Amino acid sequence: MGELLRVENLSYSYHNLSGETKALEEVSFSVEEGQFAAIVGPSGCGKSTMLSLIAGLITPSSGDIYIDGKDIKTSGKNIGYMLQKDHLLEWRSTLKNITLGLEIQHKLNESSYIMINKLLETYGLLAFKDAKPKELSGGMRQRAALIRTLLLEPDILLLDEPFSALDYQTRLEVSDDIWSIIRKEKKTALLITHDISEALSMADRIIILSNRPATVKKIIDVKLNIEDKTPFKTRSAPEFKDYFNMIWKELDHNEKIIQT
Ligand SMILES: Nc1ncnc2c1ncn2[C@@H]1O[C@H](COP(=O)(O)OP(=O)(O)O)[C@@H](O)[C@H]1O
Ligand SMILES: [Mg+2]
């Protein structure tokens, strides 16, 4: 397993009329190919900014981002992005929502439908392909959004708090689902969350960020003594609590961790 993503001394500041907001300061970390990594940090510390930089939506003030050893701007690699809101269009069917990304890129053809039907069937959406998003459960909507992203064949998936709009019970189920899909499709993923348990239950590597401007406080490679790891089973692993406490201690508690 080689290194897929490398972030080196990344800094970023927002500039607007009220002045400068430093969001990231000298952040460095890497993600291995096939790894599920998570970034945890307090609200407003700069997590979404980090993903926007990796996705190429904004340009670093300083520092570098490499994917597969090449500068991200010229790497020609596909980056998939999944957000808290699923951004499904209510007037399009589930199928039409799933094909949207391919349509925009003029890549929708006969063979895509074979792939789409396979994914819909595997992930329990085939019977709902003509249904409108409002007829789907929260979990089904997130699965549809993930399938739409996967069809673009991303080399890395960026997930920005994709479960935070769901209630607790659904959130546990959906995170299990989404994790299994990402694993089954052998994708490299970088999940952002402010929820320590969520990060621990899903990730092999956890990057802990400080309050704004975000700096790396610690990077933990999670090793659990359980067979057949799934987020649900991981939560009851004997080492879970120790890891939880380790991360809790690293996070700054002078500001409340609140959901945004
Ligand atoms: N477009 C923007 N202009 C100015 N400041 C911004 C902008 N976007 C985010 N910020 C500020 O940058 C900091 C980090 O934001 P963000 O990356 O969204 O944090 P997080 O995702 O960790 O909650 C916050 O203080 C936020 O207010
Ligand atoms: Mg955010």
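A salt bridge is here a side-chain nitrogen of Lys or Arg within 4 Å of a carboxyl oxygen of Asp or Glu, and between domain 1 and domain 2 the count is one salt bridge. The structure is a predicted model, in which local features need pLDDT of at least 70 and side-chain atom pairs count only at pLDDT 80 or more, while totals for chains, interfaces and linings use all residues. Residues are numbered from 1 along each chain as its sequence is written, and side-chain values use heavy atoms, with hydrogens and water left out.

The chain is divided into domain 1 (31-77 + 155-260) and domain 2 (88-153), with bounds that come from an automatic or database domain assignment. To the contact between them, defined by heavy atoms within 4.5 Å, domain 1 brings 14 residues and domain 2 brings 11 residues. The centres of the two domains, taken over C-alpha atoms, are separated by 25 Å. Together the domains bury about 1,000 Å², of which 71% is on carbon and sulfur atoms; buried area is the accessible area (1.4 Å probe) that two parts lose on being put together, summed over both.

Three residue pairs, both members at pLDDT 80 or more, are in polar contact across the interface of domain 1 and domain 2. A polar contact is a pair of N or O atoms within 3.5 Å; within protein, one must be able to donate a hydrogen and the other to accept it, and residues adjacent in sequence count only if both atoms are side-chain atoms. On the side of domain 1 that touches domain 2, helix H6 (residues 168-184) gives the most, with seven residues; helices are DSSP runs (H or I, at least four residues), numbered from the N terminus.

Arginine 143 lies in helix H5 (residues 138-150), and its side chain meets that of aspartate 177 in a salt bridge with an N to O distance of 2.7 Å. Leaving aside residues up to four places away in sequence, arginine 143 touches Tyr123, Gly124, Leu125, Asp177, Ile178 and Ile181. Arginine 143 counts as buried because its relative accessibility is 14%, where buried means under 20% relative accessible area, exposed over 50%, and partly exposed in between (1.4 Å probe, protein chains only).

Arginine 171 is placed in helix H6 and is likewise buried, with a relative accessible area of 10%. Its side chain is joined to that of aspartate 195 by a polar contact of 3.3 Å.

Technical notes: Chains are lettered from A and ligands numbered from 1 in the order in which they are written. Helices (H or I, at least four residues) and strands (E, at least two) are DSSP runs, numbered from the N terminus.
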